[in-house]
Amino acid sequence: MSLAIDLRVPGRVDARFTLEPGEVLAVIGPNGAGKSSLVHALAGTVSAEGSAEMAGTDLLALPAQEREVGMVFQGQLLFPHLTALANVAFGPRSRGVPRAEAEARAQEWLDRFGIGDLSHRRPGELSGGQAQRVAIARALATRPRLLLLDEPLTGLDVKVAMALRIELGRHLSSYDGIAVLVTHDAIDALTIADRVLVLDEGRVAQLGTPEEVSQRPRTEHVARLVGLNVVRDGDTLISFTPQAVAVSLAEPVGSPRLRWQGRVADVSPHGDAVRVLVHAAPDLIADVTPAAATELDLTPDRAVWLSVKQTAVRRYEVGPEEVGTVTP
Amino acid sequence: MRDPLGRPPALLLIPAGLATALLVVPLVAMVAATNWASLPDQLRSEPLRQALWLSLTTATAAALICLVLGLPLAWVLARVDFRFRGVLRALVSVPLVLPPVVAGVALRTTFGRRGLLGEPILDLTGFSFAFTTWGVVLSHVFVSLPFVVIAVEGAFRAAGREYDAAAATLGASRWTTFRRVTVPLAFPGIMAGLVLGWARALGEFGATITFNGNYPGTTQVMPNLIYVTRQSDQDAALALSLVMLLVSVGVLLALRDRWLGTP
């Protein structure tokens, strides 16, 4: 079952794209890009115009209760008065499964997530990672055709998020429906997803495999997420790593064509290097050695020149399948 | 324990103390003035037992009716978006500020034997609320319902609409969601609202006596009895008041820890 989406939430999101059967789509984009609105519109918890065709039915025409869509909410929204088991059994029971069977099924799901022994606990007695597992199990226990996950790893401890990411990837690869995962973390998008959708100001800025999106980013946001610079150069986009950027105080000699003048906006440690954010047109990041940073006295508001060699950039066309606007 | 922000200012402490005295001293005075020697006899009196029983049963019945009618109204106000919601909430709140005597007059105009609804009801069924125990319950409901609705609406709002959304994505109908999510989450607030409504009904005097008169056994509730007794026998009135005070405080204490949250 594929899912053909053409939906608008006025003022929030306006997106048109198709999802293939069984695929895992990561949705990334800056804050306020409409990621949450998109999944809430698909879940039916936010009203939207347009259509979302799946197996001959338009999801948007159905009330949330009848969409057979599983949703993992940001902040989980586990029912605080119910045990983990009752939370997971809630969906099946609401759909008419007898209590005993629903609870058996819920226990199975909790076991599968490795938290079977916590089934009698209430959400308040669970750790963040455990609660998130219950939330995912609760969404999957209804056997949804479409699984929506709104920032499922946000707010978790880094180690916990790492473990859960691996687990989630395993569950999603064995899940036969379509999954849409909203995230702000490039790692989620690159490791779990089959394809990545980039939203920018409510519109689809890019849709492609993780490799395509990370190597040929079309928006500054994605470039930043994967740690690249992206610049429009005539009809093409060019991307390059922060390491390839040379920083100097004087105008670069040999006048390379790719050079920008700007002021230092931020300086922060980045691994063994120092990452410098420069307000130019557009904003760029450069990695320099700590020694160089000291020597050049790279402090905020210092005027600098940035340059990059032609051989160090990746150049690509802005494809014709372009839907949204690109503002690199 | 010293407050790191400094001593509370006298300008606030003195009025706070006065307020406390104003609330507590009259109750203490009443207890102090009670004639303890004659108390056992007073408590054994038939009119007291009748009135106390009537007060407790009518207040409880009124609270239950407030639950059945008020919970849905509170839910509509908290969860359904419609144009005149603000107007509806204002209308519901009017009895909160209405003098109880006026409420009695209004009830009489509506449910009296010649009332707007009272007359057709009387013609159809031969029954009239006025001057009956049912009339007492009706006037209790009228004055208590706004308390219950406003309190429960607040509890429903605090219970969070997002949980309704979560339940909907799990396939729950709005009725299932109400029953299994909204009400349990709002339960402490619902109980608080009910206790408030029950206490309001227990103390109701003006509307009840205006609408139903004061007939021992059918419409003479405790406040009525206290008022009538006070005109002839001060000691007896004090004894009756003491009983009401104990009942009220007893209920408050019994429910406080279990449902009302803050100790």
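Which residue stands opposite Glu53(A) in β5(A)? I looked it up and found Asp58(A).

**Conventions.** I am working with a predicted model, where local features need pLDDT of at least 70, side-chain atom pairs count only at pLDDT 80 or more, and totals for chains, interfaces and linings use all residues. Residues are numbered from 1 along each chain as its sequence is written, and chains are lettered from A and ligands numbered from 1 in the order in which they are written.

**Entry 1, four-strand sheet.** I take helices (H or I, at least four residues) and strands (E, at least two) as DSSP runs, numbered from the N terminus. I call two strands paired if DSSP finds at least two bridges between them. On that basis I find in chain A an open sheet of 4 strands, ordered β2-β1-β4-β5, with antiparallel pairing. Its edge strands are β2 (13-19) and β5 (57-58) of chain A, each of which pairs on one side only.

I then checked β1 (residues 3-9) of chain A, which is joined to β4 (residues 49-54) of chain A by 6 bridges. Ala4(A) stands opposite Glu53(A), and Leu7(A) has Gly50(A) as its bridge partner. β4(A) pairs with β5(A) as well, in the antiparallel sense over 2 bridges. These two strands, β4(A) and β5(A), form a hairpin with 2 residues between them. In the turn, I note a positive phi of about 50° at Ala55(A).

**Entry 2, five-strand sheet.** I also looked up an open sheet of 5 strands in chain A, with the order β13-β17-β14-β15-β16 and antiparallel pairing. β13 (246-248) and β16 (284-288) of chain A stand at the edges with a single partner strand each, so one side of each has no neighbour in the sheet. From one strand to the next the twist averages 45°; axes are lines fitted to C-alpha atoms, for helices over the stretch in contact, and angles run from 0 to 180 degrees between N-to-C directions.

Within this sheet, β14 (residues 259-270) of chain A and β17 (residues 303-307) of chain A pair over 5 bridges. Gln261(A) has Trp305(A) in β17(A) as its bridge partner.

I count 12 helices and 0 strands in chain B. Its C-alpha trace spans about 70 × 65 × 30 Å along the principal axes.

I checked the length of helix α3 (residues 46-79) of chain B: at 1.5 Å a residue, its 34 residues should span 50 Å, and the end C-alpha atoms are 48 Å apart, which agrees. The expected span is 1.5 Å times one less than the number of residues. I also find a kink of about 35° at Gly70(B) in α3(B), shortly before the proline Pro72(B). The bend is the angle between axes fitted to the seven residues ending at a residue and the seven starting there.

I count residues as in contact if their C-beta atoms, placed from the backbone, lie within 7 Å. The contact takes 16 residues from chain A and 14 residues from chain B. On the side of chain A that touches chain B, β6 (69-72) and α2 (84-94) of chain A are the elements giving two or more residues. The largest share of that side, 3 residues, comes from α2(A).

Conventions: Contact = placed C-beta atoms within 7 Å.
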